[in-house]
Amino acid sequence: GPFYTGNPFGASFAILSPGTGAPGQGTCNSCHTTYANNSGTGVLTIDVGGSITQYVPGQTYTVTVTMTQAATTAIDFEVTNRDQSTSGIAVGTFIITDPQRTQRTNGNLGGNGVDYVEGTACGVDVISPGYNQWTFNWQAPLTATGNITFYVASVAANFNNQNTGDRTYSTTYVVSAASGINETSIKYDLKLFPSVTSGIFTIAFDDNSEKKIEIYKNKCKAL
């Protein structure tokens with residue numbers, strides 16, 4: 001979408017209109033057409049939860065978007081996601097953790113929904129020449145769904161107040177619902193101490209815990 005130095009919604013509002021490459025959307029290259037999308041030397045990445053491939057329903061993960069483009073002082077981004085079985089809405093909940101540099105929007109029209117996350121006017125300023133990064137949280141849906149695709153786009157702008165001469169990039173990131181709870185196999189060294197007179201066996205584990213079992217009439221009863 002268009003990259004502006006200002007907009008009618010106020011200084012905190014965004015620079016991009018929807019252009020993440022999600023179903024039904026183009027990318028930022030739809031407006032910034034000087035160069036083909038992903039044709040420059042820049043690198044756009046998105047990481048969810050430390051490169052997870054599966055999510056646990058209801059768990060919250062940190063999302064990090066990084067964009068590098070040499071000799072650029074203004075870089076913005078936009079993220080959304082879609083359950084691959086549906087195309088209409090974002091899945092889960094986007095949570096802003098750095099309101100000075102990131103914000104939630106509904107298509108960048110001043111809404112307060114959770115369909116998108118993008119940079120604020122301050123968030124467009126690069127952290128260092130040619131480098132910008134943003135973080136926010138994503139809470140996975142409470143009920144497991146199918147594969148979820150995150151769509152991210154970025155504009156590395158020359159800040160000429162036009163949509164010419166800018167580089168655009170887009171990429172995706174896919175996570176799926178965890179198929180089950182991971183189980184950890186624990187092995188113990190066991191010591192068995194029988195008491196002939198009482199009919200009680202004491203089992204000692206190597207973590208210093210104990211369990212007593214009483215033997216009576218060919219049956220076992222844990223104490």
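Start by selecting R167 and Y35. The charged end of R167 sits over the ring of Y35, 3.6 Å from the ring's centre. Here, "over a ring" requires NZ of Lys or CZ of Arg within 6 Å of the ring centre and within 35 degrees of the ring normal.

A word on the model before you move on. It is predicted: local features need pLDDT of at least 70, side-chain atom pairs count only at pLDDT 80 or more, and totals for chains, interfaces and linings use all residues. Residues are numbered from 1 along each chain as its sequence is written, and side-chain values use heavy atoms, with hydrogens and water left out.

**Aromatic rings**

Next, select Y55, Y61, W138 and F150. Together they form one aromatic cluster. Rings of Phe, Tyr and Trp (its six-membered ring) pair if their centres lie within 6.5 Å; planes under 30 degrees apart count as stacked, over 60 as edge-to-face and the rest as tilted. How many aromatic pairs does this rule give? The count is six.

Now keep Y55 and W138. Their ring centres are 5.9 Å apart and their planes stand at 75 degrees, so this pair is edge-to-face. Y55 belongs to strand 2 (residues 54-55) and W138 to strand 8 (residues 131-139), so the pair ties together parts that are 83 residues apart in sequence. Strands (E, at least two residues) and helices (H or I, at least four) are DSSP runs, numbered from the N terminus. Are Y55 and W138 buried or exposed? Both are buried. Buried means under 20% relative accessible area, exposed over 50%, and partly exposed in between (1.4 Å probe, protein chains only).

**A threonine in strand 3**

Move to T66. You will find T66 in strand 3. T66 is buried, at 15% relative accessible area. Show the side chains of T66 and Q133: they make a polar contact of 2.7 Å. Such a contact is a pair of N or O atoms within 3.5 Å; within protein, one must be able to donate a hydrogen and the other to accept it, and residues adjacent in sequence count only if both atoms are side-chain atoms. Leaving aside residues up to four places away in sequence, T66 touches V43, L44, T45, Y131, N132 and Q133. Contact means heavy atoms within 4.5 Å.

Select N38, in the segment before strand 1 (43-48). Its phi is near 60 degrees, a positive value in a residue other than glycine. N38 is partly exposed, at 41% relative accessible area.

Finish at A71, in the loop between strand 3 (60-68) and strand 4 (74-83). A71 is not a glycine, yet its phi is positive, about 60 degrees. With 83% relative accessibility, A71 counts as exposed.
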